[in-house]
Amino acid sequence: MAEAVVRALYGGSTSLNLSSKKVREVPQCVSRLSNLSVLLLNNNCITALPVELLSLQQLEELNLGNNALKEVPAVLGHLESLKKLYLYSNQITLVPPEVLDGLQNLVVLNLNHNQIQRLPPEIKSLRKLRHLSVLDNKLEEVPDELGLLTELSEINLTSNQLSFLPKQLYQCKDLTKLHVARNKLTSLPEGIRALTKLQVVDVAGNKLSMFPIEFHLLPLKELYCEGNRFVRCEPVSSVQNVEVLTLKELVARFVLSEDRNRSSLVHRMLPHYPSLSALLASGSCCAVCLGPFLTTWLECVHFVNLRKDMKMRRSLTIPVRALLCSYTCFNRKGQVYYGVATR
Ligand SMILES: [Zn+2]
C-alpha cells in the first residue's frame, strides 16, 4: 500500500487506487497528494478518516464503499470539489448536517446498505445532486427539503421503512427514475403529473391501493408494481344516498367556475382576497364533467392498461384514482369510473 502512495506521490498522479488492500487506517501521507482527483478506498476495513485529508482540495471522486464507517466522516464536509461520493455497505447510522453543508458540488451520493434512519433537512445544500441512492437503509421518512434538489434525476429509496413520500418530491422536475420498492407506502402523493420527464417508476412491494390522479398521463417507459394491495374490479352492491351539498361547497363551486371566466367580476376580484384564494386552491375538477369542486367528491378509479393506454410494453392493468363531482356524473352513461368500496 505504502508503495502505491509513494509511486503516486512521485508520479504526480491524479488518481490513487487503494481498494481491497486490507487498509485499516488511511495513511497520512495520502494527504500530500494534493493533485488527487480520484481516490478509491473501497473494500477495506476503514473506521475513520484522518482530518489531514482536507488538503485534497482537487478531489472529485471518493469511494469508501464496503468499509466499517459508523458515520459520514466530518472531513468530507471540507472537500468542496467532491462530485461523486460512494459510502455504500458501511455501518453508517448518522449523516451529520454540517457535512452536507460543505458538499455543494456533489452530483452522485451513494449511501446504499447502511443503517440510516433519517436524512437531515440540510440535504438541501446538495444543489447539484443528480443521483441519490439510499437503498437498503432504515429510513422512516425523507425530508420535504428533497424538493429543493431541482437537478435530481434519479432517486433510489428501495428497501426502507417509508410510509409516505413528501409531495415536495414532485418539485424535482428533472426526475426520470423513481425507485421506492419494498417500503410501506399506502399511497403516492397527488400531483405526480408535474414530473413530466419521469420514465421509470418502481413501487413494487408496497401497500398501494391505487395510483394518483393523472398517473396514466406520465411519459413512463417502465413501471414495476407487483406485490401491492390494488383495488380490484369486482361488482358489489351499494346504496347511493341522495347528496345534499353544504352551502360552503355550493358557493365554492360557483366561485371556482366563475373564476375560470376571465371576464367575470369574480375572476378579477379574487386576487384581492388572498385567504379565499388559498382556500379555493385545494379544489379539484371532476373527471367526467370537468366541473370544479372543493371538498365534496366521490372517490373513484379507472382501470388503465399499460400497453393500450400508456404505450408501454407490458399489458398490465392498473387502477388510477379519479374524483367525480356528483352522482349525476357517476351515473352518466358511458363513463368509465368505478366507485371504491371499503370493507
Ligand atoms: Zn362532474
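**Figure 1. Contacts of Ser284 in the predicted model.** In this predicted model, Ser284 touches Phe293 and Leu323, leaving aside residues up to four places away in sequence. Ser284 lies in strand β11, which covers residues 284-285. With 15 other C-beta atoms within 10 Å, Ser284 counts as partly exposed, because a residue is called buried at 20 or more such atoms and exposed at 12 or fewer.

**Figure 2. Ser284 and Val95.** These two residues, Ser284 and Val95, are separated by 189 residues in sequence. In space, the distance from the C-alpha of Ser284 to the C-alpha of Val95 is 39 Å.

**Figure 3. The open sheet of three strands.** The strand order in this sheet is β14-β13-β15, and the pairing is antiparallel. Strands β14 (317-324) and β15 (338-339) form the edges, each pairing on one side only. Leu323, one of the residues touched by Ser284, falls within the range of β14 (317-324).

**Figure 4. Pairing of β13 with β15.** Strand β13 spans residues 298-305 and is joined to β15 by two bridges. The two strands, β13 and β15, run antiparallel. Val301 has Tyr338, in β15, as its bridge partner.

**Figure 5. The open sheet of ten strands.** Here the strands follow the order β1-β2-β3-β4-β5-β6-β7-β8-β9-β10, with parallel pairing. Its edge strands are β1 (15-17) and β10 (222-224), and each of them pairs on one side only. From one strand to the next, the twist averages 5°.

**Figure 6. Pairing of β2 with β3.** Within the sheet of ten strands, strand β2 (residues 38-40) pairs with strand β3 (residues 61-63). Three bridges connect β2 and β3, in the parallel sense.

**Figure 7. The protein chain as context for the close-ups.** Seven helices and 15 strands are assigned in the protein chain. Its radius of gyration is 26 Å, well over the 20 Å that the globule rule gives for 343 residues, so the chain is more spread out than a compact globule. The C-alpha trace spans about 85 × 50 × 30 Å along its principal axes. Of the 343 residues in the chain, 32% are buried. Considering contacts between residues at least 6 apart in sequence, 31% join residues at least 24 apart.

Terms used
Residues numbered from 1 in each chain as written. Predicted model: local features only at pLDDT ≥ 70, side-chain atom pairs only at ≥ 80, totals over all residues. Helix = DSSP H or I, 4+ residues; strand = E, 2+ residues; numbered from the N terminus. Contact = placed C-beta atoms within 7 Å. Pairing = 2+ DSSP bridges. Rg over C-alpha atoms; globule rule 2.2 N^0.38 Å. Axes fitted to C-alpha atoms, helices over the stretch in contact; angles between N-to-C directions.
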